[in-house]
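Good morning, and thank you for coming. Please look at the sequence and the model on the screen while I speak.

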Amino acid sequence: MSWILLTLGVAFGSAIVPLVSAEVFLIGLCATQPGLHWLWLGAAVAVGQVAGKTLYYLAARGTIKLPKPLLDRLHRERPMTPRRVRWQLRTKRVRAWFDRLRERCHRHPHWMAGTYGVSSLVGLPPFMATSVLAGLVRMRPVMFVTTGLAGRWIRFSLIAASPAVFAGWLHH
């Protein structure tokens, strides 16, 4: 039970701080603790990830108010330096693609559920970005949680099962 709770905590942390990799943790855990059931580990990561991403979702919806210093930093006007101009030119396509995606999701709420569902399962578009986008387009909370849990549970259950599958292949 303690491994499941630790996994839940790491998954929550990885949802908040993207530098922490739930995938790497899970593969390492399953490789060193083969007695843990992959479905339970997949469920623990799914719950932790969706709980963490719900904070981003709620902030994007405006339900959670961000601290004033953070809001000030996000909305402050910055001078256009040559470096910022180059960055804007490089990211012009990505920003345009994201704007089109956001507009489509506003027009077609069920399309957002599909986009978010694919993201929760595959990781593309990035799950963090679609979590924020779901909040911006005001996706229903029940849809957000159920779709995210389903996709993340399948994804991380397969990842948790992978060390045993590969070990089985090597022995045959």
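This is a predicted model: local features need pLDDT of at least 70, side-chain atom pairs count only at pLDDT 80 or more; totals for chains, interfaces and linings use all residues.

Arg-100 is partly exposed, because its relative accessible area is 43%; buried means under 20% relative accessible area, exposed over 50% and partly exposed in between, with a 1.4 Å probe and protein chains only. Arg-100 sits in helix H6, residues 92-107. Helices are DSSP runs of H or I with at least four residues, strands are runs of E with at least two, and both are numbered from the N terminus. Between Arg-100 and Trp-3 there are 97 residues along the chain, and their C-alpha atoms are 42 Å apart.

Residues are numbered from 1 along each chain as its sequence is written, and side-chain values use heavy atoms, with hydrogens and water left out.

Let us turn to the annotated spans. The unreviewed UniProt entry places the feature "transmembrane region" at residues 38-59, 111-133 and 153-170; its positions are given in the numbering used here, feature names are shortened, and annotations may be inferred rather than shown by experiment. Residues 38-59 are 100% helix and 0% strand, with end C-alpha atoms 32 Å apart. For residues 111-133, the figures are 83% helix and 0% strand, and the end C-alpha atoms lie 12 Å apart.

What lies in the loop between helix H7 and helix H8? Pro-125 is found there, with H7 covering 109-122 and H8 covering 127-136. Leu-124 and Pro-125 are joined by a cis peptide bond, with omega of about -10 degrees. In H8 itself, the buried residues are Phe-127, Thr-130, Ser-131, Leu-133, Ala-134 and Gly-135. Just after H8, Arg-138 takes a positive phi of about 60 degrees, although Arg-138 is not a glycine. Arg-138 belongs to the loop between H8 and helix H9, 141-171, and is partly exposed at a relative accessible area of 48%.

Next comes helix packing. Two packed helices are described by the angle between their axes and the distance between the axes. The axes of H1 and H3 come within 7 Å and cross at roughly 35 degrees; axes are lines fitted to C-alpha atoms, for helices over the stretch in contact, and angles run from 0 to 180 degrees between N-to-C directions. Residues of H1 that meet H3 include Ile-4, Leu-8, Phe-12 and Ser-14, and among their partners in H3 are Trp-40, Gln-49, Lys-53 and Tyr-56.

The second pair is helix H2, residues 22-32, and helix H3, residues 38-61, whose axes come within 12 Å and cross at roughly 160 degrees. H2 and H3 are therefore roughly antiparallel, a term for angles over 145 degrees, whereas under 35 counts as roughly parallel, 65 to 115 as roughly perpendicular and the rest as oblique. On the H2 side, Ala-22, Leu-26, Leu-29 and Cys-30 make the contact, and on the H3 side Leu-41, Val-45 and Gln-49; contact means heavy atoms within 4.5 Å.

Finally, is Ser-14 buried or exposed? Ser-14 is buried, with a relative accessible area of 5%, and lies in helix H1, residues 2-16. Leaving aside neighbours within four places in sequence, Ser-14 is in contact with Val-20, Ala-22, Gln-49 and Lys-53. The side chains of Ser-14 and Gln-49 form a polar contact of 2.6 Å; such a contact is a pair of N or O atoms within 3.5 Å where, within protein, one must be able to donate a hydrogen and the other to accept it, and residues adjacent in sequence count only if both atoms are side-chain atoms.
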